[in-house]
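Trainee: I'd like to go through a structure with you. Can we take it piece by piece?
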Amino acid sequence: MTDSKYFTTTKKGEIFELKAELNSDKKEKKKEAVKKVIASMTVGKDVSALFPDVVNCMQTDNLELKKLVYLYLMNYAKSQPDMAIMAVNTFVKDCEDLNPLIRALAVRTMGCIRVDKITEYLCEPLRKCLKDEDPYVRKTAAVCVAKLHDINAQLVEDQGFLDTLKDLISDSNPMVVANAVAALSEIAESHPNSNLLDLNPQTINKLLTALNECTEWGQIFILDCLASYLPRDDRESQSICERVTPRLSHANSAVVLSAVKVLMKFMEMLPKDLDYYGTLLKKLAPPLVTLLSAEPELQYVALRNINLIVQKRPEILKHEMKVFFVKYNDPIYVKLEKLDIMIRLASQANIAQVLAELKEYATEVDVDFVRKAVRAIGRCAIKVEQSAERCVSTLLDLIQTKVNYVVQEAIVVIKDIFRKYPNKYESVIATLCENLDSLDEPEARAAMIWIVGEYAERIDNADELLESFLEGFHDESTQVQLQLLTAIVKLFLKKPTETQELVQQVLSLATQDSDNPDLRDRGYIYWRLLSTDPVAAKEVVLAEKPLISEETDLIEPTLLEELICHIGTLASVYHKPPSAFVEGSRGVQHKRLPPRAGSGESTESPDVGQSGPSEAPPAVIPSQGDLLGDLLNLDLAPPTATVPSVQPSMQMGAMDLLGGGLDSLLGGDIGGSPSMGAGLGAAPAAMPASLGSAPAVGGGLGDLFDLGGGVGMPTGSYVAPKTVWLLAMKAKGLEISGTFARRGGIIQMDLSLTNKAMSVMTDFAIQFNRNSFGLAPAGPLQVLTPLSPNQTIDVSLPLSTSGPVMKMEPLNNLQVAVKNNIDVFYFSCQYPLSLLFVEDGKMDRQVFLATWKDIPNDNEAQFQIKDIHLNSDVASNKLQGSNIFTIAKRTVEGQDMLYQSVKLTNGIWVLAEMRIQTGNPNYTLSIKCRAPEVCPFVYQCYELVLKN
Amino acid sequence: MIGGLFIYNHKGEVLISRVYRDDIGRNAVDAFRVNVIHARQQVRSPVTNIARTSFFHVKRSNIWLAAVTKQNVNAAMVFEFLYKMCDVMTAYFGKISEENIKNNFVLIYELLDEILDFGYPQNSETGALKTFITQQGIKGQHQTKEEQSQITSQVTGQIGWRREGIKYRRNELFLDVLESVNLLMSPQGQVLSAHVSGRVVMKSYLSGMPECKFGMNDKIVIDKQGKGGTTDEPGKSGKQSIAIDDCTFHQCVRLSKFDSERSISFIPPDGEYELMRYRTTKDIILPFRVIPLVREVGRTKLEVKVVIKSNFKPSLLAQKIEVRIPTPLNTSGVQVICMKGKAKYKASENAIVWKIKRMAGMKESQISAEIELLPTNDKKKWARPPISMKFQVPFAPSGLKVRYLKVFESKLNYSDHDVIKWVRYIGRSGIYETRC
């Protein structure tokens, strides 16, 4: 008898026929009919109309028929809740059946029916089944608690099922324990703060015992649960590790990966000088290698995880390069992942082999794979200096193949090699220039243009080459346009006599004919630079470029730590935290690695010595969106680079140059330069104010940005210079100074972290106490590189105002905790209220009048702002930069009255009236607000903005 | 956990659809079809995220199995489960094909109900499942209470892979050591990389609940015993042991015991299963050595000479030997002379294929070929792909030897000596390449 015939009936009147058959007296016919119904259900046909007839078949002693009816019920009960009640009696009866298989089947199915009325009836049978004498029923009931919790969490709590479930952890049957653990873990996930799982050494011991005895799946549940436990000390951590390591030899890869997760996590707590620590490291490598002989899909999961493990602990697999060599028959997703890991493991010891492999790969058929292989050769050159020469010659060979995408990819990476080793491989430029015409991808074109611009003095026909690109300037992508602009300016600075016309042409193309603000701004800046002070221009444009990093696309450390806690799961496959792809509350809690063992300084330094990448000198790849980088034309970072928001102090020189240079340059006589195009418009007038007022380099940069963005717009908001918030002597050598800024609607906390201790600092994190306006970090503190002694890192931390609120004294006080590998430090600082003035704070005139009248006079506060020598227009312009908007101006008897409005992030409106008397340096300010306590702080902002 | 499981045919029609979680709707079925099965491009990943729903898929011939979830599940577990599902289905009705699935859809639903509860995998050992889920309708109606509780205790018990009460008239054991030897050699005969990946496959037909102990010439074990003081031929045993890089075991093996004593003890499943997998990289016996000689005569001619040498005991015979010598794309004609076997130029594969049925150890054989080339203006040099080889030999290239497999069954009256045991070694070529 074959069942496939059930799939074929598609004639009309089918439902009607089925109905008749379902009500037949013959058992066989009934069963046939139910099978047909299930087959129709599978292919997506709606057979819900048959509900009563199918349910009628439920009362049978034929188990197969019963199971089919249950399957139907699970599918349609929701759409027919009233009818589903008909089934309850049978369920309840079945839960009392003598046969444990039937008892379990009933409780399992009942839990899958998501109808409130049925759920009510489920409680009693479930309670019995949880204490059933048969383990098969108990293990089914354990999962059923999780099902019920998903339908009605409150009910589960009220009925005390959670406690019963907890008791099952001590059950004598390992499978019951495993299912109870799985159910509890799932329930605990939706109650992040409950202490449901309440893991203590006793329960851990029970779990470890069950681990040896339960099914492979049960082992996974238990290991995943163990991973969320935090051992009390390194002893306990070691003893758990010892009992988990045998799992590394399990044939099931998921058991192995979950065991690896537990070990990777608990290892963190072991002192590095412990013998056991070394043993454990050695034990981890072979199972990871063995995972690569699994089926391809599992290999893929394993490789994504190995990618994380290699970043966290490079020492584990450093001798295993060969196993990551790509096999001809590997699916493409495995090939690409292997390639990634190969580059991470490349070192001086194995570079020859790696290169030979990469060269082979570059002749494969899959375009993506070939591209990645070519890129990998470039990354090897940058990572291992000794191999650079060989890499370059390999790349040249590849260029000779004339395969279009190979050539383009090769040129992109050669540009990076030039950056890393200046003045070393310029002899190949001629070969590169031969391929100019075949480049059709923006990235490759931009790279080539960069090379031509950078080495303009050595390329005889550089001007012709660049000119050829200029013809279709407006059809190029922005990336190419920006690069072309910079390259031609460089060319001009190097060969001023022949290229004057060319530079004029490109500047006017960029400034007058382009709609792209980035391009226009850069055009203006170059133009001004060139016209005012060519020497400064040279210093800026041809400035020495910072080193580029050896490691690219490293995962940001806090994310990496979180992902390590999720080894084996989807998060580790996507390389994203669960919150990025899971809806609702599940999995949104961030997991963290346990604190490091022996947080004393002595154990720390050897650790840093061990891990490969952190040994490297601090270096940075400027990101594409980084304006500073753009100006220094560093924007051609390797395309895979992550966006680093950190600028180690080594590069401060370059910034200073820019800030200082522009300051003096622009602060001087502007407008006087004849060559400035008509397009400059109002910008110059606005500039001195903002630039002159920026003492800190960071502030200067912020302003530059604004200046660029707003030709004819008001100036940017005022940013106070950084002040020291945390003294080094109070924080074991960590000094923090900082300031706050509001840039383009985003609140930022600009921090300078200085290491004044003798040892390296890592693992920075930041947290705020509750505060008056709910300020909270909008992201983790991005300190990518470890902070070496005497080094300073500047970090911009974006803030949100969605944090918890608590009124502080003073109102603008902010208590901050900063953590690093050494300790946690607390300090408090005060932010200018202007941080919270939103961009849409301009009130309608009528509304202003009404509101002004509406607010009781008691709420009005008066202040004097002394010694201001600005006229009302300039003042109002300045204030507008900080989102204090002038709504109306009246002049009465030589007195200017400015009516202004401000809106705070939490929706509070502040209204102000400012009186300016000509000749009198003292302004009078009246502030009205429904929350009068903010007035003094608003006044502070006025004073700050106007006086700076 | 797993939210749902779908099986599709090659056209993307649903054959089986079982939803375990409320967050997976019917549209998920279609999303996978449209975005993966019907996708224009080749699948770039076995995990696909479509509208915040993750799909894991594996393919068996032209059948797609997809597991769906909206949570951060254990990805390795999901794939292991899908493979297991395939194994279970194969054990029940043979090859996974559209026809077989349609013929057994009721059975599959029953299995899915049993081995996956609310998306959590449960006992999935066919040995246990077959005791209460059968193709001839379900047992259970007429069982005694003892039988029922025996089933449940087995499904949930510590030995979920074996049922009680198995009886054989003849107690027999078959042990296959299957190895695949991989090699990459430079033209000068230098080994660039070599490793053996091996499997120990066991077919057991034993009565009762036998306790087995498996021993092999594992270096760690032998060294330990050597130190123990029993000095029976220390030199000899030292030489014959092998260093195992890593091994994994079937879930029946007591891992903690292996970890502490490195002894392999277990109660075997009934029938065929894979006891262990292992990998070695040291002191591998390379059954063949390939010596290539390629000479370019002018621009339109290549002379190729390849010698193969067998490197094992003369009394053993290698079988199914095949040597594949790649030829350039612009080959116009080939003349081959070989001492042994048959050789042919296959234009469609761009290679000369040389086949030898049998070859004894310590012999050598040679092939020479003249390859004529069409003149081309292609500047790109021929990349010279490696010469690859296939063969099968009746020994384990890793040097692994089974030392013993002891069977203890205390309750039944048969002893270790009554069990008939068969051991077989088969070494096959994996990727066995010599660059030229």
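Mentor: What follows is a short walk through charges, surface patches and backbone geometry.

Trainee: What kind of model is this, and how are things labelled?
Mentor: This is a predicted model: local features need pLDDT of at least 70, side-chain atom pairs count only at pLDDT 80 or more, and totals for chains, interfaces and linings use all residues. Residues are numbered from 1 along each chain as its sequence is written, chains are lettered from A and ligands numbered from 1 in the order in which they are written, and side-chain values use heavy atoms, with hydrogens and water left out.

Trainee: Start with chain B. How many helices and strands are there in chain B?
Mentor: Chain B has 9 helices and 23 strands. Helices (H or I, at least four residues) and strands (E, at least two) are DSSP runs, numbered from the N terminus.

Trainee: And what share of chain B is buried?
Mentor: Of its 436 residues, 53% are buried. Buried means under 20% relative accessible area, exposed means over 50%, and partly exposed is in between (1.4 Å probe, protein chains only). Areas come from the Shrake-Rupley method with a 1.4 Å probe, and for residues only the protein chains shown count as cover.

Trainee: What box do the C-alpha atoms of chain B fill?
Mentor: Roughly 85 × 65 × 35 Å, along the principal axes.

Trainee: Which residue does Arg313(A) meet in a salt bridge?
Mentor: Arg313(A) pairs with Glu268(A), at 2.9 Å from N to O. This pair links distant parts of the chain, 45 residues apart. Arg313(A) is in the loop between α18 (296–312) and α19 of chain A, and Glu268(A) is in the loop between α16 (253–267) and α17 (275–290).

Trainee: Are those two buried or exposed?
Mentor: Arg313(A) counts as buried because its relative accessibility is 5%. Glu268(A) is also buried, at 2%. Both belong to a network of salt bridges that links Glu268(A), Lys312(A), Arg313(A), Glu315(A) and Glu561(A).

Trainee: What about Arg232(A)? Which residue is its partner?
Mentor: Glu236(A), with the closest N and O atoms 3.1 Å apart. Arg232(A) is exposed, at 60% relative accessibility, while Glu236(A) is buried, at 9%.

Trainee: Switching to the surface. Which residues form the positive patch?
Mentor: Lys342(B), Lys344(B), Lys355(B), Lys357(B), Arg358(B) and Lys390(B). Patches are made of residues with over 30% relative accessible area and no salt bridge; like charges are joined within 9 Å, and nonpolar side chains (Val, Leu, Ile, Met, Phe, Trp, Tyr) within 5 Å. Lys and Arg count as positive and Asp and Glu as negative, while His and the chain ends are not counted. A charge is placed at NZ of Lys, CZ of Arg, CG of Asp or CD of Glu.

Trainee: Which strand gives the most to that patch?
Mentor: β19(B), with 3 residues. Strands β18 (342–346) and β19 (351–360) of chain B each supply at least two residues. Lys342(B) sits in β18 and is exposed, at 69% relative accessibility.

Trainee: And the negative patch, which residues form that?
Mentor: Glu464(A), Glu467(A), Glu471(A) and Glu501(A). Glu471(A) is in the loop between α26 (462–470) and α27 (478–494) of chain A. Glu471(A) is exposed, with a relative accessible area of 71%.

Trainee: Which residues make the nonpolar patch?
Mentor: Val724(A), Leu727(A) and Met729(A), with about 330 Å² of accessible area together. Met729(A) lies in the loop between β2 (723–726) and β3 (734–743) of chain A, and is exposed at 77%.

Trainee: Last topic, the backbone. Which residues does the cis peptide bond join?
Mentor: Glu809(A) and Pro810(A), with omega about -10 degrees. Pro810(A) is in the loop between β7 (792–800) and β8 (813–819) of chain A. Most peptide bonds are trans, and most residues other than glycine have a negative phi.

Trainee: What phi does Lys402(A) have?
Mentor: A positive one, about 65 degrees, although Lys402(A) is not a glycine. Lys402(A) is in the loop between α22 (388–400) and α23 (404–420) of chain A.

How values were computed
Salt bridge = Lys/Arg side-chain N within 4 Å of Asp/Glu carboxyl O.
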